[in-house]
Amino acid sequence: MNIDKGFEMLGQLHRYMLVPRVIILVTAKYEQLETLGRKYFAYMVERLNRETDKWEIDYLNKTVKEYLEKMLPLYNRLYLPDLENNITGYADDVELEKEGQLLKQAILGKIFRRTGIYFDGTREKQHYLAPTSMRGLNDYYLFLNELAKLKAPGKGSAETKQEQALILYNCDRFLNDFIYRYMVERLDMPERLEFRRLLQKPFSEWDTHMYAFFQNIVSWLKEENANRIKGNDRILLEILLEDRKCFGNMLWGIYWCVANVWRSEEWMNCIITLYSVILNKKIAENGRLRVGTFHGSVIGTWSNHIFPPVLVNQGTRGEKMVSRFGGSNKGCRHNITFRWDVTETLEEEKIYVWFKKYKKHILSLEVMTLFIEAFHGNTRKNERVHMKFGTGKVEGGKIQTTVEIINTKIDFNILGFLTNLLDYETFYEKFHDALLSSCIAALKTDKGEESEDQETGQKEGQADLTEGEKEKLETWKDKLRGIPGLSLYRQIAEWDQEAEGLVLPYQHVDIYVNLLAELQQWSQEELPVNLTEKNVWESLKATILKIEEILQNKERFLKEMDSDYDNLFSKRFAECPVVRCIKDYREMGLQEDFPEEFGRIFVNCCSWNDYTIGGYYPPEDELDTTGEFEVEKVAP
């Protein structure tokens, strides 16, 4: 309404309201009418001293209220829903007649059918993509309706070039609208410029560039007031800056910024939407997402917030127990070692019989390795797995087999299998090559032939093989993968045909971030204060069951939004062979004492790694286990 003449126009309209059989329809924002009224009546009030300012304001407000009641009688008013604030709850009941659905379900459902992207509608408040006014709702609905409907949204890669082109076109249109509508409306100018710089970068550099958003926090950390950060966040922020490219770390970083009021929720919504669009476009283009897309980890340091600290022994005589992160640990120094008693040594002629006989132990080694996100050589990161295989007599005359992963360092994450299953074929090539070549080296050693690995300088089963040995390795690999119960390879391959490596819906970032946030909140209330060698496996199992429950809760909304939704996310998760191992390791064929073995290796990885050696922990060697402890100082 016109600022200068608006109130006069209202008075003129009121004259027509007195004419019989004439209907006058006026639409306006009540707060705007109040502002115009105060401006109009201000000249009637003399300028008074400060002691009577309150009287002046009260008088103006009363005059405006009474005048508006006269001009626009209460009994003739119709109030439209406040879609932005939803104070009265009306917005929850707004139904789009053409869709036959409530507002949130209709808008998010229409976005999904046009782009293939799911957004999370389970939160009580209105979703950030829903328009905040009736006019905006009408315009946005028409925009989405203009986009062509996808043939099979959310089912992975496009079946035809035409479908692929349509997905990419719709995603680009949706993203452009989001940039010029949501960003312009909700972000201040500095934040808009940050995102424009981000959009000018190739996607491969986004995770790295995102850390520019954390630079103000880094500066703050270096000041004296750094000890105001409670709990373990300061240590994790230091770690975050050392491992810049990890997708999981980046998500935790933006969530932390919003939770601690460093950035606005609108800022996080923009990041979530941008990543959702690009990741779904990559699926349409390439058929699936790979580990490289996420730069090393889909979970990262967020697992350190989901899982409690672990108690480890730092004293030479067991007299000192300290807390260490129990989720993600980089540069773990301890070898992963499996030992078991055997009745006979490994012989080349009987290798299939031997492996079949001790398949529970081989499978247990394989499952344990799935929690390792990266392997390192002596001086640099090396994706090659180093193993040492040996069989010999021990005290008491028993024969014992030992298999070790002897990389200089490894990166262990208690949810690391989420990352490894994105490229399960690559993982199994490394694992089986390492295991079988170490067996070949062990057999050569038994014949008096020693081999030395050129990279580590150790006599071990990872030396370069001859052409004949390489052919033998490939033959063994194919046959051993076919032995039931010896490897999860066949089961994972079958699961992957539909799941495409996605244990969780990482590409639907809104759902994924909210899932991790809910999981973090649950863990603080339900998991033990500290993890130990004895309780870590049960804690992991409880977490897996909670993830499944959260997915099922979110799927209730997805079914309301999309009648064709068939519990895709919870099915993929529940049917994942590694998830099934965690739920029931005995049924999946792991060794009887696997939880104890897992706990032992887990504690070893948490006790000696880059974080303990690099000076990240506070001088008193304690982590907060209550959520209230203040970290006073951390070594740079």
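**Entry 1: overall make-up**

I looked up burial to begin with: 53% of the 636 residues in the protein are buried. Buried means under 20% relative accessible area, exposed means over 50%, and partly exposed lies in between, with a 1.4 Å probe and protein chains only. The model is predicted, so I note its limits: local features need pLDDT of at least 70, side-chain atom pairs count only at pLDDT 80 or more, and totals for chains, interfaces and linings use all residues. Residues are numbered from 1 along each chain as its sequence is written, and side-chain values use heavy atoms, with hydrogens and water left out.

I then listed the secondary structure, which comes to 25 helices and 10 strands. Helices (H or I, at least four residues) and strands (E, at least two) are DSSP runs, numbered from the N terminus. Next I checked contacts, meaning heavy atoms within 4.5 Å. Among contacts with a separation of 6 or more, residues 24 or more positions apart account for 73%.

**Entry 2: nonpolar cores**

Which residues touch the most other members of the largest nonpolar core? I found F355, F417 and F598, in a core of 172 residues. Helix 12 gives the most to this core, with 12 residues. A nonpolar core is a set of buried Ala, Val, Leu, Ile, Met, Phe, Trp, Tyr and Cys residues joined through side-chain atoms within 4.5 Å.

Leaving aside neighbours within four places in sequence, F355 is in contact with L346, I362, L435, L436, C439, L480 and L486. Another core lies apart from the largest one; it has 10 residues, among them F7, F41, L60 and M71.

F41 is found in helix 2 (residues 30-41). F41 counts as buried, at 9% relative accessibility. Beyond its neighbours within four places in sequence, F41 is in contact with F7, L60, T63, V64 and Y67. I also looked up N61, 20 residues from F41 along the chain: their C-alpha atoms are separated by 9.7 Å.

**Entry 3: helix 12 and its partners**

I turned to helix 12 (residues 265-286) and began with helix 11 (residues 247-259): the two pack at an angle of about 155 degrees, with their axes 8 Å apart. Axes are lines fitted to C-alpha atoms, for helices over the stretch in contact, and angles run from 0 to 180 degrees between N-to-C directions. Helix 11 and helix 12 are therefore roughly antiparallel to each other. The cut-offs are under 35 degrees for roughly parallel, over 145 for roughly antiparallel, 65 to 115 for roughly perpendicular, and oblique for the rest.

From helix 11, F247, M250, I254, Y255, C257 and V258 make the contact, and from helix 12, E265, W267, M268, I271, Y275 and L279. I sorted the residues of this contact into 11 nonpolar, no polar and one charged. Here Ala, Val, Leu, Ile, Met, Phe, Trp, Tyr, Cys and Pro count as nonpolar, Asp, Glu, Lys and Arg as charged, and the others, Gly among them, as polar.

Helix 6 (residues 161-186) came next. The axes of helix 6 and helix 12 come within 10 Å and cross at roughly 170 degrees. That makes helix 6 roughly antiparallel to helix 12. The residues of this contact divide into 12 nonpolar, three polar and five charged.

Then I took helix 7 (residues 189-199), which packs with helix 12 at an angle of about 15 degrees, the axes 11 Å apart. Helix 7 is thus roughly parallel to helix 12. E191, E194, F195, L198 and L199 in helix 7 meet W267, C270, I271 and L274 in helix 12. I counted seven nonpolar, no polar and two charged residues in this contact.

Most residues other than glycine have a negative phi. V261 lies in the loop between helix 11 and helix 12. Is V261 buried or exposed? V261 counts as exposed, at 72% relative accessibility.

I also noted E500, a residue other than glycine with a positive phi near 55 degrees. E500 is found in the loop between helix 19 and helix 20. E500 is buried, with a relative accessible area of 15%.

**Entry 4: helix 22**

Last, I checked helix 22 (residues 568-575), where L568, F569, S570, R572 and F573 are buried. These buried residues pack against helix 19 (489-499), helix 20 (509-526), helix 21 (536-561) and helix 23 (577-583).
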